[in-house]
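Visitor: Hi! Could you walk me through this one? I'm new to it.
Guide: Happy to. Let's look at it together.

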Amino acid sequence: MTDSVRLQAEPRSEFGKGAARRIRRADKIPAVLYGHGSDPIHLTLPGHETMMAVKVQNAVLTVTLSGKDHLALVKEVQRDVLRPVIHHIDLVAVRRGEKVTVDVAVNVVGDAAPQTFVDLDATEISVHAEATSIPESIEVSVEGMEAGTQILAGDLTLPAGVTLAVEPDVLVVNVTQAASVSDGEGAGDAEAAAAPGEE
């Protein structure tokens with residue numbers, strides 16, 4: 001990512017559940033901006049534009065408030081469990097060139113060897129990256145890998161400027177032998193033979 005989404009924000013002076021409901025009824029989203037030792041800034045963001053922007057994990061926004069631009073990383077999005085509604089957003093102020101620590105999705109590509117099972121042990125991996133260059137995901141190829149193969153965090157190919165924020169021996173992908181139907185049948189036959197006969 002190199003360009004941030006620009007959003008026009010408004011200052012927020014009302015708090016509580018009632019105020020939040022009124023804000024959402026007006027197609028806006030309550031938010032708070034933290035960071036760099038400053039007092040939290042309470043604001044509202046435009047509903048539709050913000051919902052589109054935060055579909056991307058670790059979205060970076062340029063929030064314009066009272067004529068001043070704030071570069072901000074989306075830290076937490078509180079969503080309704082039943083409806084496509086955002087209740088609140090936490091933003092963290094960042095600077096261009098500043099390194100941040102974020103969790104990035106791991107995306108497995110390719111096909112392992114036949115009769116194997118690919119277990120994604122870590123769906124996300126924590127990394128250090130520049131705020132404006134956070135990768136959307138990290139790809140891991142399992143093409144042709146045999147059972148018994150393990151991919152650790154230290155084996156990942158990271159984009160330029162991105163470094164691990166976890167120990168390199170953290171297990172990410174584990175390729176194991178798939179259980180076959182014949183194995184299951186054999187086990188069942190053995191159990192039946194060992195059990196007392198019944199009519």
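Visitor: How do strand E1 and E5 run, and how many bridges join them?
Guide: Strand E1 (residues 5–8) and E5 run parallel, and four bridges join them. Helices (H or I, at least four residues) and strands (E, at least two) are DSSP runs, numbered from the N terminus. Two strands pair if DSSP finds at least two bridges between them. This is a predicted model: local features need pLDDT of at least 70, side-chain atom pairs count only at pLDDT 80 or more, and totals for chains, interfaces and linings use all residues. Residues are numbered from 1 along each chain as its sequence is written, and side-chain values use heavy atoms, with hydrogens and water left out.

Visitor: Which residue in E5 is the bridge partner of Arg6?
Guide: That is Thr62.

Visitor: And what about E5 and E6, how do they run?
Guide: E5 and E6 run antiparallel, joined by six bridges. Val63, for example, has His70 in E6 as its bridge partner. The two strands form a hairpin with two residues between them, and Ser66 in the turn has a positive phi of about 55°.

Visitor: Is E5 mostly covered or mostly open?
Guide: Mostly covered: six of its six residues are buried. Buried means under 20% relative accessible area, exposed over 50%, and partly exposed in between (1.4 Å probe, protein chains only). Val60, Thr62 and Thr64 are buried on one side, and Leu61, Val63 and Leu65 are buried on the other.

Visitor: New topic. Where is Asn58?
Guide: Asn58 is in the loop between helix H2 (47–53) and strand E5 (60–65).

Visitor: Why does Asn58 count as buried?
Guide: Because its relative accessibility is 13%. Its side chain reaches the backbone oxygen of Asp103 at 2.9 Å. Leaving aside neighbours within four places in sequence, Asn58 is in contact (heavy atoms within 4.5 Å) with residues including Leu73, Val74 and Ile134.

Visitor: What volume does the largest pocket have?
Guide: About 220 Å³. On a 1 Å grid over the protein atoms alone, a pocket is an open set of points where a 1.4 Å probe fits, with protein on both sides within 12 Å along at least five of seven lines; lining residues have an atom within 4 Å of a point. The volume is the space filled by probe spheres set on the points.

Visitor: Which lining residues are closest to its centre?
Guide: Of the 15 residues that line the largest pocket, those are Gln57, Asn58, Val74, Lys75 and Asp103. E6 gives the most to the lining, with five residues.

Visitor: How many residues does the largest nonpolar core have?
Guide: It has 25, and Ile125, Ile134 and Val172 have the most contacts inside it. A nonpolar core is a set of buried Ala, Val, Leu, Ile, Met, Phe, Trp, Tyr and Cys residues joined through side-chain atoms within 4.5 Å. E8 gives the most to this core, with four residues. There is also a second, separate core of 19 residues, which includes Leu33, Val74, Ile89 and Leu91.

Visitor: Last one: what order do the strands of the four-strand open sheet have?
Guide: The order is E11-E8-E10-E13, with mixed pairing. E11 and strand E13 (163–164) stand at the edges with a single partner strand each, so one side of each is left without a neighbour in the sheet. E10 and E13 run antiparallel, joined by two bridges, and His128 stands opposite Thr163 in E13.

Technical notes. A polar contact is a pair of N or O atoms within 3.5 Å; within protein, one must be able to donate a hydrogen and the other to accept it, and residues adjacent in sequence count only if both atoms are side-chain atoms.
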